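Open the structure in your viewer and keep the selection tool ready. This tour goes stop by stop.

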Amino acid sequence: GLATLHAVDPAIRADLPALADELDGEALRNSAAREVFTNSAKALAQRISGGNVVLAGDSAVTLALARHLSSVLLRVGHRGVAAVGLSDALVALHSGAGTGSALSDVDALFHDEQIDGPLPDRLRVLALTLAAERAQLSARVERFAEVDVVGAEDVPDAATDAVAVGSPEQQLALLALRIEMAAVYLRLGE
């Protein structure tokens with residue numbers, strides 16, 4: 001896609017060999033041999049498998065990525081995940097959508113499944129972001145415990161295998177690959 005864009009508009013520059021190397025590195029970081037705490041794709045698969053999940057984007061590109069990944073998660077991971085704008089997800093969370101009964105965090109803490117029955121599924125929002133937008137987006141969602149901000153630079157065990165934040169195209173490609181691999185892990189976990 002980036003090569004085609006460069007052919008159409010030479011002003012759009014992308015170092016395709018460097019991007020390919022970064023994507024290969026991401027695939028290795030998310031290989032099946034690595035444990036969950038060092039594997040971003042497995043960690044995301046674990047978060048996605050635990051209830052109702054929404055992928056949210058706060059910009060046109062992250063919303064397009066959320067829509068793409070929603071279809072991949074359904075097709076590959078057999079997991080229905082909605083893709084929405086972040087403001088729609090925050091309105092739903094504010095109004096209590098997806099929380100089943102309106103349990104406060106304190107009530108949920110002292111909930112006993114044998115006495116009270118199982119906790120209702122809570123809505124989990126994965127807000128996709130680019131590095132340049134992360135601080136603003138994190139400040140916007142900080143009061144919502146159900147929202148996880150997910151970016152390309154989120155690499156567990158970064159001390160041994162750090163990811164340099166690249167161009168927006170590189171970040172989007174890394175996020176796409178990571179969540180596509182999470183879809184594979186969801187399918188394998190069936």
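Two residues are in contact when they have heavy atoms within 4.5 Å of each other. Helices (DSSP runs of H or I, at least four residues) and strands (runs of E, at least two) are numbered from the N terminus.

This is a predicted model, where local features need pLDDT of at least 70, side-chain atom pairs count only at pLDDT 80 or more, and totals for chains, interfaces and linings use all residues. Residues are numbered from 1 along each chain as its sequence is written, and side-chain values use heavy atoms, with hydrogens and water left out.

**Stop 1: the whole chain**

Select everything. The chain has nine helices and four strands. Of its 190 residues, 38% are buried (under 20% relative accessible area; exposed is over 50%, partly exposed in between; 1.4 Å probe, protein chains only). Now consider contacts with a separation of 6 or more: residues 24 or more positions apart account for 63% of them.

**Stop 2: α3 and α9**

Select residues 40–49 for α3 and 168–188 for α9. Their axes come within 8 Å and cross at roughly 60°. That makes α3 oblique to α9. Axes are lines fitted to C-alpha atoms, for helices over the stretch in contact, and angles run from 0 to 180 degrees between N-to-C directions. Under 35 degrees counts as roughly parallel, over 145 as roughly antiparallel, 65 to 115 as roughly perpendicular, and the rest as oblique.

Which residues in α3 and α9 meet? Show S40, A41, K42, L44, A45, I48 and S49 on α3, then R178, I179, M181, A182, Y185 and L186 on α9. By class, this contact of α3 with α9 has nine nonpolar, two polar and two charged residues. Nonpolar means Ala, Val, Leu, Ile, Met, Phe, Trp, Tyr, Cys or Pro; charged means Asp, Glu, Lys or Arg; the others, Gly among them, are polar.

**Stop 3: K42**

Stay in helix α3 and pick K42. Is K42 buried or exposed? K42 is buried, with a relative accessible area of 18%. Leaving out residues up to four places away in sequence, K42 touches S31, A32, R34, E35, V36 and Y185.

**Stop 4: α5 and α8**

Select residues 86–94 for α5 and 131–141 for α8. These helices pack at about 20°, with axes 12 Å apart. That makes α5 roughly parallel to α8. Show L86, S87 and L90 in α5; they meet L137, R140 and V141 in α8. The contact of α5 with α8 divides into four nonpolar residues, one polar and one charged.
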